[in-house]
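Dear colleague,

Please find below the structure that I am handing over to you. My findings follow it, arranged by topic.

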Amino acid sequence: MRGISLSRFLIDEQWQKHAIPSDLRLLVEVVARAVKAISINVGKGALAGVLGDAGTGNVQGEAQKKLDVIANEILLEANEWGGHLAAMASEEMEHPHAIPHRFPKGEYLLLFDPLDGSSNIDVNVSVGTIFSVLQCPEGVDPESEQAFLQPGTRQVCAGFAVYGPSTVLVLTMGHGVHAFTLDREIGSFTLTREDIRIPEDTKEFSINASNQRFWEPPMKRYVDELLAGKDGPRGKDFNMRWVASMVADVYRILTRGGIFMYPRDTRDPSKPGRLRLMYEANPMAMIIEQAGGAATTGRERILDVVPTSLHQRTAVLLGSKNEVELATRYHHG
Ligand code: F6P
């Protein structure tokens with residue numbers, strides 16, 4: 001199957017395997033088209049004048065970059081008119097985005113972080129797009145926040161793109177994880193990794209250690225033991241990597257294993273973690289679990305968290321199964 005286009009892959013999923021309905025196929029095709037457009041903008045960088053601040057803030061009070069705004073607009077515009085969506089929600093918008101009345105509507109809800117890792121845009125380091133797809137519950141107004149407040153176990157599809165040296169789209173529709181590389185010459189995504197599996201053990205971890213003094217005791221204990229290496233209770237040395245773009249850190253874990261952590265900390269009591277549950281943690285957790293890894297908040301499985309608000313934050317521990325389970329056991333202990 002390697003070497004086939006994303007379109008061919010999706011058609012096989014629909015017709016040969018009966019694994020996805022045609023509307024979901026269409027939705028993924030449209031998101032992939034938007035990802036291509038974002039990739040082109042990211043790739044042009046300073047030539048297109050897309051770097052730097054937009055001069056506005058998002059709902060979380062974070063300064064928006066020009067590319068945050070551009071990527072958000074590309075995703076909204078591409079997905080409005082296809083007839084496959086009931087509504088959309090984005091990190092960059094306080095409320096759900098309604099499908100304009102002039103367009104047909106469908107049964108899915110699309111959530112996205114249009115440009116993850118925006119602190120890396122201006123320094124020419126990999127950034128990405130993360131998305132999650134839910135079904136709109138019957139009898140609920142699709143434009144209400146309520147429609148989106150479903151646990152991650154209900155996702156029917158999740159994916160992310162990394163705009164790095166090459167643009168890679170990672171996708172799951174609940175039957176394994178596959179990666180597609182953008183062939184810039186022909187303008188289409190090609191299947192380059194099929195049924196990705198994450199090694200259960202690892203010697204690599206990923207955390208922003210500058211927050212160490214704010215971590216809870218179980219996280220301090222876990223990381224101290226990793227740092228102690230061969231001389232400590234783990235009896236082996238660990239390496240550390242932190243890109244500060246979750247998409248790149250997760251793609252590395254999908255490639256050679258590892259554990260990624262953005263734990264709960266005491267910096268701001270109103271924020272239990274930095275990452276957003278609905279459009280960052282949930283889609284990544286679905287992908288990681290589908291690839292044989294684990295994803296928890298330290299206390300519970302991320303996919304089981306019942307959301308209470310669209311932009312809520314959560315702690316995230318994900319990656320190689322045995323490490324995530326150990327760090328989670330420390331939290332329970
Ligand atoms: O907002 C999400 C994000 O940019 C992630 O992609 C990344 O892992 C994290 O925040 C980086 O956080 P920090 O700036 O604290 O290292």
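In which helix does Asn-282 lie? Please note before reading on that this is a predicted model. Asn-282 belongs to helix H7. With a relative accessibility of 2%, Asn-282 falls below the 20% limit and therefore counts as buried. Setting aside residues within four places in sequence, the contacts of Asn-282 are Gln-150, Pro-151, Gly-152, Gln-155, Leu-277, Ile-302 and Leu-303.

Domains and cores

The domain assignment divides the chain into domain 1 (6-193) and domain 2 (204-332). Their C-alpha centres are 23 Å apart, and the contact between them involves 51 residues from domain 1 and 32 residues from domain 2.

The largest nonpolar core has 45 residues. Those touching the most other members are Phe-160, Val-170, Met-246, Leu-254, Met-284 and Leu-318. Helix H7, which spans residues 277-290, is the greatest contributor to this core, with nine residues. Because both domain 1 and domain 2 give residues to this core, it lies between them. A separate core of 43 residues includes Leu-6, Val-31, Ala-32 and Val-127.

Neighbours within four places in sequence aside, Met-246 contacts Asp-116, Ile-130, Phe-260, Leu-275, Glu-280, Met-284, Val-316 and Leu-318.

Ala-87 is located in strand E3 (residues 85-90). Its relative accessible area is 0%, so Ala-87 is buried. Beyond four places in sequence, Ala-87 touches His-97, Ile-99, Tyr-108, Leu-109, Leu-110, Pro-142, Glu-143 and Phe-148. Ala-179 stands 92 residues from Ala-87 along the chain, and their C-alpha atoms are separated by 26 Å.

Thr-314 is part of strand E16 (residues 313-314). Is Thr-314 buried or exposed? Thr-314 has a relative accessibility of 7%, and so it counts as buried. When residues up to four places away in sequence are not counted, Thr-314 touches Tyr-262, Pro-272, Gly-273, Arg-274, Leu-275, Arg-276, Leu-277, Ala-281 and Thr-297.

The surroundings of Arg-299

Arg-299 sits in the loop between strand E15 (294-296) and E16. Its relative accessible area of 39% makes Arg-299 partly exposed. Which residues does Arg-299 touch, not counting residues up to four places away in sequence? They are Glu-216, Arg-264, His-331 and His-332. With Glu-216 there is also a polar contact, side chain to side chain, at 3.1 Å. Ala-327 is 28 residues from Arg-299 in sequence, with a C-alpha to C-alpha separation of 9.7 Å.

Aromatic rings

A pair of aromatic rings is described by how far apart the centres are and by the angle between the planes. In this model the count comes to four aromatic pairs. One of them joins Tyr-222 and Tyr-330. The ring centres of Tyr-222 and Tyr-330 are 6.2 Å apart and the planes meet at 75°, which is over 60 degrees, so the pair is edge-to-face. This pair links distant parts of the chain, as Tyr-222 belongs to helix H5 (residues 217-228) and Tyr-330 to helix H8 (residues 321-332), 108 residues apart. Tyr-222 and Tyr-330 are both buried.

Elsewhere, Trp-242, Phe-260 and Tyr-262 are linked into a cluster by ring pairs.

Backbone points to check

Most residues other than glycine have a negative phi. Asn-124, which is not a glycine, has a positive phi of about 65°. Asn-124 is found in the loop between strand E5 (108-116) and strand E6 (127-135), and with a relative accessible area of 73% it is exposed. Ala-244 likewise has a positive phi, near 75°. The loop that holds Ala-244 runs between strand E12 (239-240) and helix H6 (246-256). At 34% relative accessibility, Ala-244 is partly exposed.

With kind regards

How values were computed:
Residues are numbered from 1 along each chain as its sequence is written. This is a predicted model: local features need pLDDT of at least 70, side-chain atom pairs count only at pLDDT 80 or more; totals for chains, interfaces and linings use all residues. Side-chain values use heavy atoms; hydrogens and water are left out. A nonpolar core is a set of buried Ala, Val, Leu, Ile, Met, Phe, Trp, Tyr and Cys residues joined through side-chain atoms within 4.5 Å. Buried means under 20% relative accessible area, exposed over 50%, partly exposed in between (1.4 Å probe, protein chains only). Helices (H or I, at least four residues) and strands (E, at least two) are DSSP runs, numbered from the N terminus. Domain bounds come from an automatic or database domain assignment. Contact means heavy atoms within 4.5 Å. A polar contact is a pair of N or O atoms within 3.5 Å; within protein, one must be able to donate a hydrogen and the other to accept it, and residues adjacent in sequence count only if both atoms are side-chain atoms. Rings of Phe, Tyr and Trp (its six-membered ring) pair if their centres lie within 6.5 Å; planes under 30 degrees apart count as stacked, over 60 as edge-to-face and the rest as tilted.
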